[in-house]
Amino acid sequence: LPVKPPSSPSFSLQAKMSRLAQARRLEGVDKNIWVDFVKLAATYSKVNLGQGFPDFPPPDFLMEAFGRAVSGEMHMLHQYTRAFGHPPLVKILAQLFGKLLGRGLDPMTNVMVTVGAYQALFCCFQAFIDEGDEVIIIEPFFDCYEPMVKMAGGTPVYVPLRPKAPKEGKLMLSADWQLDPAELASKFSERTKAIVLNSPNNPLGKVFSREELELIADLCVKHDTLCFSDEVYEWLVYDGKEHIRIASLPGMWDRTVTIGSAGKTFSVTGWKVGWTVGPNELLQHLRTVHQNSVYHCATAAQEAVAQGFQRELEHYGKPDSYFVRLPRELQQKRDQLVQSLVAVGMKPIVPEGTYFLVADISKFKSEVPDVPNSDEPYDSRFAKWMVKNKGLAAIPLSAFYCGAHKDNYNSFIRFCFAKEDATLKAADNILQKWKLEKTAP
Amino acid sequence: MLFASRSLCCRGIATYQLQTVLLSRSIKFSASDTMAFRHKNTRRIEGLDSNVWVEFTKVAADPSIVNLGQGLPDICPPNYVKEELAKAAAVDRLNQYTRGFGHPSLVKALSQVYEKVCGRKIDPLTDILVTVGGYGSLFSTIQALIEEGDEVIIIEPFYDCYEPMVKMAGAKPVFIPLRHKIGGNSASSADWVLDPAELASKFNSKTKAIILNTPHNPIGKVFTREELQIIADLCIKHDTLCISDEVYEWLVYKGNKHIKIATLPGMWERTITIGSAGKTYSVTGWKLGWSIGPQNLIKHLQVVHQNTLYTCPTPLQEALAQALWIDYKRMDDPGCYFYALPRELESKRDRMAQLLQEVGLKPVIPEGGYFMVVDVSTLNVDLSDVGESDPYDYKFVRWMISSKKLSAIPLSAFCGPETKRQFDKYIRFCFIKKDSTLDAAEVILKNWKKQKA
């Protein structure tokens with residue numbers, strides 16, 4: 001397209017966009033670990049146990065529901081639905097979570113559908129966190145909490161889960177990572193607006209016990225703090241453990257937003273359907289953020305998820321319920337990966353929940369020399385080396401710590417085991433071969 | 001204990017609800033009784049809770065009402081578009097996460113289509129962001145580039161979300177109305193123009209951006225090259241950004257051409273151009289849109305996106321990519337959907353206009369888009385006894401819904417505070433409707449005419 005030069009001689013200088021374009025709210029939130037690690041996995045990995053998504057198919061009943069939604073008679077499923085959630089979906093969510101929380105829920109006011117749990121978190125921070133507000137984040141944490149708090153002008157306050165030494169001769173368990181009650185209490189101040197809870201916890205797989213949740217709840221009530229409870233892995237709990245919803249504890253319903261995800265519930269991370277459940281007094285403000293940011297979520301996937309839940313409600317508690325089948329299958333995969341790692345000398349922290357497992361790679365440190373004064377945490381360099389040289393992708397644990405604490409636990413990496421048995425076998429082959437190469441003279 | 005309720009009836013102000021606290025609640029947790037009052041919303045969303053759609057989309061649920069209100073097509077999307085979604089949904093890995101800033105095959109398809117349209121190279125990875133609808137693109141753009149202390153020029157009437165999004169970013173909206181040309185017969189959207197001197201007076205050193213919407217919702221105006229040049233000259237002179245909402249880009253009617261302001265000299269590097277799958281393929285429920293622009297601006301939108309929802313749904317993006325390839329290959333062919341849809345809509349536009357004219361109304365014939373606005377004052381419907389203090393057009397639409405079973409959207413919803421009165425006799429009809437819907441509207445309008453006589 002030929003550009004006709006205008007008459008002014010200084011045009012070329014004038015035309016350039018010279019002033020600083022971006023808003024200050026983006027300061028310090030531009031880096032993102034996934035951008036790098038997803039690219040590396042795509043380029044180098046033969047076995048990808050990095051980013052958290054299943055490589056097995058979603059359940060048949062859900063795929064059939066989606067197929068019906070997109071090609072069936074109801075062509076209006078290709079048009080806008082209700083902005084705060086497709087009616088069949090919010091109705092069934094209200095029914096299910098009402099049952100799970102032991103209270104009657106209004107689908108129109110106590111439930112809001114979001115573009116994945118990610119957008120639910122975004123709405124929470126934007127609705128409630130102003131400049132100067134503090135938000136308590138438990139480390140290690142799903143990495144988006146920190147930049148979301150910052151983008152809202154808030155100050156993250158970190159409190160770590162601290163590992164207790166495992167019993168003699170036993171593997172470390174995610175339950176061995178615990179909060180120090182006095183330390184937690186010391187983090188609450190009159191500026192504390194909210195605490196973010198993630199149970200089951202990504203990356204450790206910790207399932208908070210009732211006592212641990214009561215500890216947090218007591219502090220929330222005492223300090224009149226909100227709780228954003230990220231429970232996306234709520235169905236993925238093992239060894240007969242129980243997932244307890246903090247919103248069901250005394251004094252907590254009024255101050256808690258509970259977040260869930262179809263992606264994790266039904267193994268369809270690419271559908272990006274999530275939800276918030278909570279009192280209208282809180283959800284009304286999430287609705288305001290939602291209607292001024294994305295407004296509607298895609299319709300067809302919501303229809304399919306609604307049908308998926310309908311099916312699950314009918315099969316609730318039965319052996320063929322997906323909520324029973326999936327954790328049973330994943331527990332086996334967890335155990336398979338634990339065995340693989342133990343056999344090669346990586347020390348797994350056995351997770352009580354989620355589909356993640358963190359392992360101590362200290363015995364393999366000789367492979368990647370330490371670089372003193374490096375900006376990059378050791379485990380990050382190790383994970384990058386591992387994917388490039390061994391074709392096995394995992395995520396460094398430092399990704400789940402704030403900047404100041406990234407070097408605290410620098411010999412751990414996170415594996416995702418929501419993978420076909422063949423994938424886990426292939427990972428095992430890589431690890432066994434690696435061990436042999438290490439010990440060979 | 002009973003907390004007194006205060007109910008404030010003005011729109012946009014939070015209402016406090018009656019709280020009844022039972023004495024039987026544990027005394028230990030009495031602090032939580034006051035919780036609802038301490039946990040107010042943030043400043044950024046203060047006053048942004050109400051919204052014209054909350055009232056008027058409820059109407060869509062009532063099947064007895066002929067709904068020409070919300071911009072919701074009731075025509076079918078083309079079969080190949082639905083088929084591509086069915087195909088994509090059947091592929092296992094397409095049900096898991098894809099690339100955050102846009103599914104690779106989709107950004108590639110978008111870059112090809114828009115390279116052809118714009119006549120310049122567009123890098124699919126750095127110059128494009130895929131978002132949740134055109135709405136999501138507007139939000140990402142405004143959050144990325146607008147902040148407290150900035151002013152943003154908004155042309156009235158405007159798609160209603162521009163104002164609250166600018167406010168949520170902490171900035172000040174500066175309004176300028178389209179005015180109808182003196183001597184124009186006001187029968188065409190082309191007669192609604194900006195006054196160049198008035199527009200120039202709105203720019204100052206605080207002006208960070210101007211939001212342009214062409215083809216325009218609700219009026220249907222398609223800005224001419226000369227009109228765009230006036231805006232471009234001011235953007236360059238004041239080093240201002242241009243946020244160009246072009247979701248209706250393909251829906252232009254005979255005699256009109258959609259021109260992208262980003263293709264004007266000096267504008268590519270300061271413009272974000274927004275598009276929408278929903279409007280392109282009549283699939284509003286897919287909620288996929290995109291922002292296209294120079295890397296140094298798009299990178300900031302990508303940062304917002306990675307901190308808000310991270311990725312858009314995968315199967316929808318794959319299906320959209322395949323549909324775009326199909327139409328890209330026939331972009332020189334009149335059978336391409338980009339041209340077939342406006343041809344289909346033009347006859348609906350003309351029919352809608354005729355129906356309104358027969359009732360004695362003078363609709364503004366749009367040059368583009370799928371909306372038509374009309375001044376209803378000639379119907380002389382007296383609503384002075386209706387209680388609320390809302391503008392006339394709100395009252396008129398509510399009256400029309402209940403007594404005529406026909407819905408539309410009041411135009412003052414699309415105006416800033418000072419211009420609401422200028423447009424409070426106008427309502428907006430949506431005509432991307434199947435024939436049976438327009439037939440039903442025809443029956444209502446013909447009866448209305450009979451009753452008037």
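How much space lies in the largest cavity? In this predicted model, the largest cavity holds about 410 Å³ of space. A search of the whole structure finds nine cavities of 30 Å³ or more. The lining of the largest cavity comprises 26 residues, and those nearest its centre are Y118(A), F142(A), Y233(A), K264(A) and Y97(B). Two or more lining residues come from each of α5 (116–128) and α9 (262–265) of chain A. The greatest contribution is that of α5(A), which gives four residues. By class, the lining of the largest cavity consists of 13 nonpolar, nine polar and four charged residues.

The second largest cavity contains about 350 Å³ of space. It is lined by 25 residues, of which Y80(A), Y135(B), Y159(B), Y248(B) and K279(B) are the closest to its centre. Here the elements giving two or more residues to the lining are α5 (133–145) and α9 (277–281) of chain B. With four residues, α5(B) gives the most to this lining. The lining of the second largest cavity divides into ten nonpolar, eleven polar and four charged residues.

On the side of α3(A), the contact involves M63(A), F66(A), V70(A) and S71(A), while α3(B) contributes K82(B), L85(B), A86(B) and A89(B). This contact has six nonpolar residues, one polar residue and one charged residue.

Key
Residues are numbered from 1 along each chain as its sequence is written. Chains are lettered from A and ligands numbered from 1 in the order in which they are written. This is a predicted model: local features need pLDDT of at least 70, side-chain atom pairs count only at pLDDT 80 or more; totals for chains, interfaces and linings use all residues. Side-chain values use heavy atoms; hydrogens and water are left out. Contact means heavy atoms within 4.5 Å. Ala, Val, Leu, Ile, Met, Phe, Trp, Tyr, Cys and Pro count as nonpolar, Asp, Glu, Lys and Arg as charged, and the others, Gly among them, as polar. On a 1 Å grid over the protein atoms alone, a cavity is a set of points where a 1.4 Å probe fits but cannot get out, and a pocket is an open set with protein on both sides within 12 Å along at least five of seven lines; lining residues have an atom within 4 Å of a point. Grid points are joined across faces, edges and corners, and a volume is the space filled by probe spheres set on the points.
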